[in-house]
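Subject: Structure handover

Hi,

Here is the structure I promised to pass on. My notes on it follow below, with the cut-offs included so that you can check them.

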Amino acid sequence: MAASKAVSMTALLVICIAALYFTIQSPSFWTGPTIINEPSYIQFPAPKFTPEILLSAPRRSPAKPNPSGKLAVYTVSTYSFESHQKTSEIKVIDIASGLSSLITNEKTASEPNWLGASAELLWLREGEKGSTELVVGNVEKAGQTHVAGTVHASISNVKLASLGTGQIAVAFTAKSWPNGTLYNEELEPKKLSTARLYDSTMVRHWDKYVTPQKSAIWYGKLEKTNGQWRLGPLSNALKNTRLESPIPPFGGENDYDLSATGLLFVAKDPSLNPAFNTKANLYFVPVEDFSETPSSKPRMFENEA
C-alpha cells in the first residue's frame, strides 16, 4: 500500500515538472500577454528595450507641494516617434490618494508654481513675438484661466514669495541690455553676417560666445483685482551693476532665491578677469517695495574664513 502511494506521488511530481518545463518554453511566458483594444494596443512587458522606448518614456519633473502638503504640481513631457512631436502637461497629484489630474496640456506651458496658500497655480506660456505670458489657473476649476501679465521677452526660473498682505512677490531671470532693459531676440533685426568683434580676452565660455546681453534677475508684484491676479511694473535687480546672475552658461534657478524682504543670489566677482577666474560671491538686494526699483545696490557677503 505504501509502495503504490509512493509511486503515485512520484508520477504526480513528474507531471508537474513536465508542465512547468513546457510552460517556460512557451514564448508567451517571456513576452507576457498582449491585450488588443482598438484603436490602441497594450503589450506588457515590451519584447525588448530599445532606444525608442527609452526616449519616448514620460519625463516627470520634481513635484512641488502646496503649503498644506496635500497636493503637489509637476510637469510631464513625452516624445512620440509616431507623430514626431513632443507633448507637455501640467498635472496635480493628490498626495493621499495618489491620483493625478490634468491642469493643462498646452504645448508651451511650463514652470508651474503655487500662488500662496490657495488652490491657484501660476505658470509660463509662450506668447507672440518672443514674449512670455504669466497664466493663472485654479486646481478646483479646470480649464478656467486668465493671463496675469505679459513680459516682452523670454523668461525662466520663476519664483514666488508671499508678502502677507494679499500680494505676492514674483521674480524671474531674463537677458538684458547693458542699459538694464529687457532683451528680446525675436524683435532684433536679422544680421547679415556672423562675424564678431571683441576688445577683451574673454570671447567664449564653454560652448557659448560672450554677448553684450547679460543674464539678470527681474522682480515685480502680483495683486488680485476683481478676482484676477495682475502683474505690476518690473524692475531689474542688477541694473547699473557689473553683476550677472544666473552665472552663464550653466546657471539656473539654484543661483538665486526670493523672499519677502529681497533677493539673494550668486554672481562672478567683477573685479577679476573672467578669462582666468571663476570665483563667485554671494549678494543680497534688499527690496522694500516690489513695485519699485531697489533702494540700494547689492551687498556682498564677505567670507570670514
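How many helices and strands does the protein have? There are three helices and 22 strands, taken as DSSP runs numbered from the N terminus (helices are H or I with at least four residues, strands are E with at least two).

First, the ground rules. This is a predicted model, in which local features need pLDDT of at least 70 and side-chain atom pairs count only at pLDDT 80 or more, while totals for chains, interfaces and linings use all residues. Residues are numbered from 1 along each chain as its sequence is written, and side-chain values use heavy atoms, with hydrogens and water left out.

Now the overall picture. Of the 305 residues, 31% count as buried (under 20% relative accessible area; exposed is over 50% and partly exposed is in between, with a 1.4 Å probe and protein chains only). The accessible surface is about 20,100 Å², and 57% of that belongs to carbon and sulfur atoms (Shrake-Rupley method, 1.4 Å probe).

Four strands form an open sheet in the order 8-9-10-11, with antiparallel pairing (two strands pair if DSSP finds at least two bridges between them). Strand 8 (110–114) and strand 11 (141–151) have a single partner strand each, so one side of each is left without a neighbour in the sheet. Within the sheet, strand 9 (residues 120–126) and strand 10 (residues 132–138) are joined by seven bridges, and Leu 122 stands opposite Val 136 in strand 10.

Asn 66 lies in the loop between strand 4 (64–65) and strand 5 (71–80). Its relative accessibility is 10%, so Asn 66 counts as buried. Beyond its neighbours within four places in sequence, Asn 66 is in contact with Leu 71 and Trp 114 (heavy atoms within 4.5 Å).

Finally, the rings. The structure holds five aromatic pairs (ring centres of Phe, Tyr or Trp, the latter by its six-membered ring, within 6.5 Å; planes under 30 degrees apart are stacked, over 60 edge-to-face, the rest tilted). One of them is the edge-to-face pair of Trp 177 and Tyr 183, at 5.1 Å centre to centre and 85° between the planes. Trp 177 is partly exposed at 28%, whereas Tyr 183 counts as buried at 17%.

Two charged ends also sit over rings (NZ of Lys or CZ of Arg within 6 Å of the ring centre and within 35 degrees of the ring normal): Lys 159 over Tyr 256, 4.8 Å from the ring centre, and Arg 204 over Tyr 209, 5.7 Å from the ring centre.

Best wishes
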